[in-house]
Amino acid sequence: MPRVSQEQARINRQRVVEVAAALFRERGLHGVGVVDIMAAAGLTHGGFYGQFANKDALAAEAFDTALAEEYRGTTDTVVANYLSLDHVRTPGKGCPLAALANDVSREQTGSAVRGRFAQGIEGLASIVANLTPKASKERRRQRALATVATLVGAVVLARAVDDEALATELLQAAQASIAP
């Protein structure tokens, strides 16, 4: 079997990371295996360990990719998109903080995914800190963390209910509570 070029290997790796980012958000960290990810990427699972040390290493990289996808645009756009029914309905394309909070909380302390999760919270908090007009640094951080908790919590709860009207109310209440 011919060897894959370095460029093709890079493309394959990126495809695996992107597919894993979506599948982990849709099914959870333990709801999808390496074989599933590689098949969804159109590759055999044999090449996985040539690219990644293990599934946890892939999960950490996939988490970073998912975060980068989620937080583009202005603060108002990020919040509006975050607190939308579209975000609730499509966890595979949405924020990994809301999609994976329960899974990550069960990971071993010090794991790469937990570290990335903390970085994700910090990143989202820095984005939404702009919602707090002219306040002390400590107050802006406190408000930003409360906003992150509100955003993530609203989406997690809206996904958990089977009543679209209630889901919409949860999102609207969160939006109203963080409005400047």
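At what angle do helix 8 and helix 9 pack, and how far apart are their axes? The close-ups below start with that pair and then move to the core and the aromatic rings. Keep in mind that this is a predicted model.

**View 1. Helix 8 packs against helix 9.** Two packed helices are described by the angle between their axes and the distance between the axes. Here the angle is about 115°, and the axes of helix 8 and helix 9 sit 8 Å apart. Since 65 to 115 degrees counts as roughly perpendicular, that is therefore the label for helix 8 and helix 9. Their crossing is right-handed. On the helix 8 side, look for I121, E122, L124, A125 and V128. Facing them from helix 9 are R141, A144, L145, T147, V148 and L151.

**View 2. Here is the largest nonpolar core, with its 49 residues.** If you want a way in, pick out F24, I37, L58, Y82, L83 and L97, the members that touch the most others.

**View 3. Zoom in on L58 and the residues it contacts.** Once you set aside neighbours within four places in sequence, L58 is in contact with V16, V17, A20 and F24, and also with I37, F48 and F52. Two of these partners, F24 and I37, are also on the list of core members that touch the most others.

**View 4. F48 and Y49 make an aromatic pair.** Searching the whole structure turns up three aromatic pairs. In this one, the ring centres of F48 and Y49 are 4.7 Å apart and the planes meet at 85°, so the pair counts as edge-to-face.

**View 5. F63 and F117 form a tilted aromatic pair.** Their centres lie 5.7 Å apart, with 45° between the planes. F63 belongs to helix 4 and F117 to helix 8, so this pair ties together parts that are 54 residues apart in sequence. F63 is buried at 2% relative accessibility, and F117 is buried with a relative accessible area of 13%.

Technical notes:
Residues are numbered from 1 along each chain as its sequence is written. This is a predicted model: local features need pLDDT of at least 70, side-chain atom pairs count only at pLDDT 80 or more; totals for chains, interfaces and linings use all residues. Side-chain values use heavy atoms; hydrogens and water are left out. A nonpolar core is a set of buried Ala, Val, Leu, Ile, Met, Phe, Trp, Tyr and Cys residues joined through side-chain atoms within 4.5 Å. Buried means under 20% relative accessible area, exposed over 50%, partly exposed in between (1.4 Å probe, protein chains only). Contact means heavy atoms within 4.5 Å. Rings of Phe, Tyr and Trp (its six-membered ring) pair if their centres lie within 6.5 Å; planes under 30 degrees apart count as stacked, over 60 as edge-to-face and the rest as tilted. Helices (H or I, at least four residues) and strands (E, at least two) are DSSP runs, numbered from the N terminus. Axes are lines fitted to C-alpha atoms, for helices over the stretch in contact, and angles run from 0 to 180 degrees between N-to-C directions. Angles under 35 degrees count as roughly parallel, over 145 as roughly antiparallel, 65 to 115 as roughly perpendicular and the rest as oblique. A crossing is left-handed if the near helix is turned anticlockwise from the far one by less than a right angle, and right-handed if clockwise.
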